[in-house]
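Please look through the sequence and the model shown here before reading on.

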Amino acid sequence: MKSTELVQVTRGNMVESIHKGHIAVVDYKGKLLKYAGDPYRVVYARSSMKPLQAIPLVETGVAAHYQFDEADLSLCCASHNAEKQHTERVISILKRAGLDDQALKCGTHPLRREDVFKELILEGKEVTPLYNNCSGKHSGMIVTAKYMNEPIESYLELSHPVQQRILHVVSEMADYPVEKIELGVDGCGVPVHGLPLERIAYAYAKMTRPNELEESRARAVEKVTSAMMAAPEMVGGTDRFCTNFMKAVDGKMFGKAGAEGVYCIGDLQTGIGIAIKIEDGFGRATEPAAVEVLKQLGLLTDNELEKLQQHHHPVVTNARKEKVGELVPTFTLKDAKEL
């Protein structure tokens with residue numbers, strides 16, 4: 001199946017650009033309910049996989065041993081802004097294991113926020129892996145290796161026990177064979193997992209119903225998702241959709257963005273999972289698409305929708321900060337019975 005138009009970008013009275021993509025809505029039993037485009041499109045979930053990657057932190061006993069609070073665990077699921085609330089907590093996590101940020105192997109990239117970069121310059125500091133948006137996830141992987149008496153230097157390699165545990169968690173939660181998972185290398189150097197979009201949505205749906213899982217997995221999943229919703233500022237940060245979204249719905253849902261136009265949501269009330277992929281990889285279209293899916297499914301109150309208006313119809317501005325257009329979702333979800 002082909003991709004379908006999801007979001008239009010307007011400028012003045014004209015549609016300037018169109019973002020096509022795919023959506024899968026799946027319940028916790030694994031049934032595809034709604035879709036757009038191709039719900040079976042194999043995609044790399046990228047950072048949307050972080051809540052799954054954090055599950056072994058609890059299952060191995062690492063989180064308990066190093067006294068992780070909810071903000072710590074939430075940060076391990078983050079693609080953060082590198083604000084001090086994030087970087088100081090990464091350092092704290094590593095310090096508890098007798099390590100420092102020199103252990104991070106996630107590399108560097110331009111900082112998301114200009115104010116954070118300016119502050120670094122004024123303080124005479126360099127951009128190091130500590131400021132990578134994935135440093136929270138990496139800190140969790142590193143302290144896991146330390147706790148399990150496994151090599152620390154090679155923690156990001158696919159053959160490493162840390163990555164093998166994650167691979168099997170992904171397989172089990174998505175109910176998808178390990179040998180069928182496409183493997184690549186993520187932007188931060190660790191393995192990235194490719195699965196059909198509806199399997200990714202299913203994994204998120206299963207996270208909304210931990211009582212359906214075996215006891216140790218249930219406890220781990222509940223701790224991870226509860227942490228994200230209790231400390232959403234760790235998952236993203238100031239002016240980030242993940243943070244604003246989870247604050248707006250206040251304990252009803254958890255969500256996580258992934259690079260190249262991916263967004264995933266788990267709804268605790270209905271037990272459904274949602275996975276979105278923008279075909280051209282432009283992440284600006286994920287926010288309006290995600291809010292529109294929730295609107296069409298009737299999962300948002302009027303008040304919640306109002307709080308998310310800036311993400312539902314993001315404005316396009318020019319260099320003078322003037323509004324010159326907006327992003328508008330244009331799709332209608334189809335019933336899976338039509339497939």
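Two strands are said to pair if DSSP finds at least two bridges between them. In this predicted model, strand 5 and strand 6 (residues 191–196) run antiparallel and are joined by 4 bridges. Within this pair, glutamate 182 stands opposite glycine 194 in strand 6.

These two strands belong to an open sheet of 3 strands, whose order is 4-6-5 and whose pairing is antiparallel. Strand 4 (42–44) and strand 5 (182–185) stand at the edges with a single partner strand each, so one side of each is left without a neighbour in the sheet. From one strand to the next, the twist averages 30 degrees.

## Helices on the sheet

Helix 8 (residues 161–174) packs on this sheet, where it touches strand 5 and strand 6, and its direction makes about 15 degrees with that of strand 6. Helix 9 (residues 197–207), for its part, lies across strand 4 and strand 6 and runs at about 105 degrees to strand 6.

Helix 8 and helix 9 also pack on one another, with their axes 8 Å apart and an angle of about 85 degrees between them. Because angles of 65 to 115 degrees count as roughly perpendicular, helix 8 is described as roughly perpendicular to helix 9. On the side of helix 8 the meeting involves Glu172, Met173 and Ala174, while helix 9 brings Arg199, Tyr202, Ala203, Lys206 and Met207.

## A second pair of helices

Two packed helices are described by the angle between their axes and the distance between the axes. For helix 5 (residues 84–96) and helix 7 (residues 135–147), the axes come within 9 Å and cross at roughly 5 degrees. Angles under 35 degrees count as roughly parallel, and therefore helix 5 is roughly parallel to helix 7.

Val90, Ile93 and Leu94 of helix 5 make this contact together with Ser135, Gly136, Ser139, Ile142 and Val143 of helix 7. The residues of the contact of helix 5 with helix 7 divide into 5 nonpolar, 3 polar and no charged.

## Strand 2 and its partners

Strands of a sheet pair through backbone hydrogen bonds, either parallel or antiparallel. Strand 1 (residues 4–11) and strand 2 (residues 14–27) run antiparallel and are joined by 7 bridges, with arginine 11 standing opposite methionine 14 in strand 2. The hairpin of these two strands has 2 residues between the strands, and in it glycine 12 takes a positive phi near 65 degrees.

Strand 2 also pairs with strand 9 (residues 272–278), in the antiparallel sense and over 7 bridges; here histidine 22 stands opposite lysine 277. A further antiparallel partner is strand 3 (residues 32–36), which 4 bridges join to strand 2, and in which alanine 36 is the bridge partner of isoleucine 23. The hairpin of strand 2 and strand 3 has 4 residues between the strands, and glycine 30 in this hairpin takes a positive phi near 95 degrees.

Strand 7 (residues 253–258) is mostly covered, with 5 of its 6 residues buried. Strand 7 pairs with strand 8 (residues 262–267) in the antiparallel sense over 6 bridges, and one of the bridge partners is tyrosine 263 in strand 8, which faces alanine 257. The two strands form a hairpin with 3 residues between them, and glutamate 260 in the turn has a positive phi of about 60 degrees.

## Two single residues

Threonine 60 is found in the loop between helix 2 (55–59) and helix 3 (62–65). Its relative accessible area is 17%, and since buried means under 20%, threonine 60 is counted as buried. The side chain of threonine 60 reaches the backbone nitrogen of valine 62 at 3.5 Å. Leaving aside residues up to four places away in sequence, threonine 60 touches Thr144, Tyr147, Met148 and Arg165.

Glutamate 222, in contrast, lies in helix 10 (residues 215–230), and with a relative accessibility of 45% this residue counts as partly exposed. Glutamate 222 and alanine 290 are 68 residues apart along the chain, and their C-alpha atoms are separated by 23 Å.

Conventions
Residues numbered from 1 in each chain as written. Predicted model: local features only at pLDDT ≥ 70, side-chain atom pairs only at ≥ 80, totals over all residues. Heavy atoms only, no water. Axes fitted to C-alpha atoms, helices over the stretch in contact; angles between N-to-C directions. Contact = heavy atoms within 4.5 Å. Parallel < 35°, antiparallel > 145°, perpendicular 65-115°, else oblique. Nonpolar A, V, L, I, M, F, W, Y, C, P; charged D, E, K, R; others polar. Buried < 20%, exposed > 50% of the residue type's maximum accessible area, 1.4 Å probe, protein only. Polar contact = N/O pair within 3.5 Å; in protein donor to acceptor, adjacent residues only side chain to side chain.
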